Amino acid sequence: MFTALFLFDLTFWLYLAAVVLYVGYVAVGRSGLQLAAEGPGQVSASDWSVPVGQLATMITAVGLLVNTSALAMRAHERYLLTGTFAPWSNQYEAMAFVAWSIIAGYLLLEFKYGIKAIGAFVVSIGFIAMGAASLLPYRYQTAEPLVPALNSYWIYIHVSVTLTSYAAFAMAGGLGVMYLLKERAERKGLQSSVTTAFPNLETIDELGYKAITIGFPLLAFGIILGAMWANYAWGGYWSWDPKETWSLIVWLIYGAYIHARMTRGWGGRRAAIYSIFGLLMVIFCFWGVNFLLSGLHAYA
Amino acid sequence: MADSAAEEPLSKKPGGFVRWGQFDWSGLPGNIVDLLSSLKLAISLFIALAILATIGTVIQQGESSDFYIKEYGEPLFRWFQTLGFTDVYNQVWFRAVLGLLIVNSLTCFYKRFPGIWRSMRQSQITVSPAFISSLKQNAEIPLERDGGHVAEQLIDIFGRKGYRVSAARTDNGISVFATKGIMGRVGAHVAHVSAAVIVLGGLIGSVTGFRDFGVGLPGQTYWIPQGEFNLKVDKFWMDYYANGAIKSYNSTLTVIDDGKEQLTKTITVNDPLVYNDIWFYQSSYGDHWDQIDKAKVVIKEKGSDQVVGDVMLDWKEPMEIPGLGLTLNVTGFAADFSFDSETKQVSSKTSEHNNPAVQLAITERNSDGDAIFRPWLFVDFPGIINIEDSKYAFEIAAYGPSKYTGLQIAQNPGITIVWTGCLMIVVGMALSSFIFHRRLWMSIQSKESKTVLYIGGNTHKGQIDFTREFSGLLEQIQSLA
C-alpha cells in the first residue's frame, strides 16, 4: 500500500498545498516583522495571514516528513531488490532528494529567521523539483538495479553532497527572484500588498548570499568526492566528461559570484540576477547534461 | 583575492578615521602584484574558464575529423581546428588561463595573508569614536555607571561569547576590542593555496605516472613493463541481477614477480588491485577478436549435400570425427577478417565482429594417405569456400567468443598531493563559508560628567547574522549601562 511511489505522489500534493498556502500568505500580505513590531494582540480578526502562515509551515513540515518516508521506503525497496539502498540512484530519486533538501533547508531558514514570505519562492522551487520528477516516464521512476559502475559506497556520499549543493543554489535562485520582485515594486513606488510581506531588500540579498556560501563548498566537496570515486573506479580522477565539466562550470560560476561579493558594492540587483542565472546553469548541469550531452554520467 | 582591503587602512592609519571607500578599479594598477592578485582578475578568470570549459562540452572532444565534418560541415570544422575547439582542455590557452588562476590565488595569498597573520597576533585596539560610528553596525550608549566597571563587564560578556578581547586605557577613556572568527579569513587563503597544490599534484602525476588500457584473456600471463612483473588473468566472469541486468563483472588476477605468485585478487568495477603502486582496474569486457572458445562446425557431403556431421569444437583442441575419417581443429579466428597479400597474414581489421572468420585445420584420411587443409571459413557467408580435394564442405554454424577482460592500468605518484590539495580546499572553503570574521570596537569616553559608550563592529561575511548578534549584544549592554 505505502509504496515509495505512492508516498512520492503524496509529497507532491502536500508541497503543492504548501505553495498555495505560502502564496496565499503573501497575498494576504502582512510581514512577520511588522507583526513582531506590533506585538501579539494587535492582530485584527480580519487578518488571515497568521493562521494561513502557520498552516503553510505545518503542511510543509508534513510534506517533508512524507518526503522523508518516501525516500526511506525507496531505500528499503532498493535494499530488498539489489542490496544497496541509496535513495538517489536515478534521476527521479535524485530530484526527490533535491526537493527534500530544498524543503528541509527552507524550514531551517524559517525556523531561524522567521520569514515566511520566502516560502512562496523557495517551497515553490522544491515543489517544481518534485513535479518535474513525477513528469519523468514511469521506467525512470522505478528502482532499477544499479549498473556496475554505480554499485559502490561512493554513491551514498558523492551524490547526496552534490545534490544538497544544488538545493542551496536553488534557494539562492528563489531568493533572487524574490529580490527582483521586491526591488521592482520599490522602484515603481508600488504599495502593493504582495511585496510588503517580503523582508527588506538587504535581508533577501544577504540570505541569497548565505545560501550560495553554503552551496559553494558543498559543490566543491561533491566534485572532489566524484573525482575520488572516478579514480577508484576508472583509474583517473578527472577526464573532462561532460557532467564533471559542467559541475566544474557551475562551481566556477559561483566562484566568480563569491569573489564579486568581496568587491565593495556588488550585490543587490546584480547579485539577484546572477543567482537566477546560476540556478539555470545548475538545472542544465543536473538535467540538460543527462539528456543533451553524452558521457560517463549518461546513466544518472 | 577573497579578502577585501578592509584591514589594510587600519594598519596604515593607526587610531585615525578610516574611509571605508570603494576599491578603485579604474586605471591600471601601478604594481604588477596588485594586478595579479586582484579580485577583478580572479572573477574574469573564473568566467573565462567557465566559458572555455563550456565550449568543450558543447563540441565533442577528441573525435575523428570525419565525425566533425559530418556533424558541423567542412568550413566550421576548419575553424574548430584552427581555434583548437576539438581538444579544448589540452590547448595552450586553456592551460594558460588555468595557470593564471593559480598565479592569481598565490599572489593574493602572498599579498594579503601576512596582514591577516599580523592581525591574528595584534590588533588595533584604540580607535576614534568617529571611526566607530562609520562602521556598518554602530551605537552610542550613555552610561550611568562607572566606565571602568562597564569595561570589565564588556570584557566578561565578550569573553564568554568566545571573543578574543583586548582593552587599553587612553587619555580620555577606555578602549575595548573584541574579535572572533579570524579562521574564516585564514580559510579563504588555505583554499587559495590548495588550488596550486592540486595543480602541482596533477603535473607530477602526468609527468611521472601513466594510464594504459590492456585486454587480457583468462589463462594467459602478461608482462607489465612499467612494474617489471607479470600479471596472470586467472578468470573472468559476470554476475547478473534476477531481472537479467549485469550486476558486476569480475576478473581474478595474480601478480607473478621474481618467479613467485605474490598476490591474487578478484577485481571488479570499483574494487581495483594494487601492486607496487600500480593499480589494475576492471574497466570493461568484450568479445576477443583473434580467439574464440568454441565453434560449431557442420559437415556436409559434397555429392549429396547431406549433413553428415555436426560437432562442437573447443579452441585448439583437435577432435576426431568417427566414421568420416576427419580430424578437425579450430586454429585461428579473425573478428573482422582482413588478408595482407604481401605478408600472407590474416588479421582482424578492428575489434568488432563485423566479418568473423574461423580457421579450421582439417586432416582428411583417404586412399592416398592424409590430406591437410587449413581454410578460413566465413561465419556470415557459409558455402563460399570450396575445398577442391575434399569430399566434404564445412560451415561454421555458430561460435562462442572468448570474453576478454578490459583492464585500466595506472600509476599516479602525484595523487597523494592532489588529495592533500583537495582536503585543503574543502577545509578552507568550509572555514571561509561558515566562520565569519567579526570585529567590534568599543570606546568609553567621559566628558563633563557624562560617560558614553561608542560601540561598532563589522564582519567580512554573514551580515545578517552579525546584525542579529549585534542587536542582541546591545540589549545585553544596555541592561548593564
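**Briefing: the interface of chain A and chain B**

Across the interface of chain B and chain A in this predicted model, the rule finds 3 salt bridges. The area buried between the two chains is about 4700 Å², and the contact draws on 62 residues from chain B and 52 residues from chain A.

**Buried area**
- Carbon and sulfur atoms give 67% of the area buried between chain B and chain A.
- On the side of chain B, the residues that lose the most area to chain A are Phe46(B), Asn270(B) and Ile464(B), which together account for 15% of what that side buries.

**Polar and charged links**
- One salt bridge joins the side chains of Lys112(A) and Asp465(B), at 3.4 Å from N to O.
- The rule also finds 15 residue pairs in polar contact across the interface of chain B and chain A, with both residues at pLDDT 80 or more.

**Make-up of the side of chain B that touches chain A**
- Several elements of chain B each supply at least two residues to this side, including helix H3 (39-58), helix H9 (182-208), strand S10 (278-301) and helix H11 (463-480).
- The residues of this side comprise 36 nonpolar, 18 polar and 8 charged.

**Strand S1 of chain B**
- Side chains alternate along strand S1 (residues 137-143) of chain B.
- S1(B) pairs with strand S21 (residues 450-459) of chain B in the antiparallel sense, over 7 bridges.
- Within S21(B), Tyr454(B) is the bridge partner of Glu140(B).

Technical notes. Residues are numbered from 1 along each chain as its sequence is written. Chains are lettered from A and ligands numbered from 1 in the order in which they are written. This is a predicted model: local features need pLDDT of at least 70, side-chain atom pairs count only at pLDDT 80 or more; totals for chains, interfaces and linings use all residues. Side-chain values use heavy atoms; hydrogens and water are left out. Contact means heavy atoms within 4.5 Å. Buried area is the accessible area (1.4 Å probe) that two parts lose on being put together, summed over both. A salt bridge is a side-chain nitrogen of Lys or Arg within 4 Å of a carboxyl oxygen of Asp or Glu. A polar contact is a pair of N or O atoms within 3.5 Å; within protein, one must be able to donate a hydrogen and the other to accept it, and residues adjacent in sequence count only if both atoms are side-chain atoms. Helices (H or I, at least four residues) and strands (E, at least two) are DSSP runs, numbered from the N terminus. Ala, Val, Leu, Ile, Met, Phe, Trp, Tyr, Cys and Pro count as nonpolar, Asp, Glu, Lys and Arg as charged, and the others, Gly among them, as polar. Buried means under 20% relative accessible area, exposed over 50%, partly exposed in between (1.4 Å probe, protein chains only). Two strands pair if DSSP finds at least two bridges between them.
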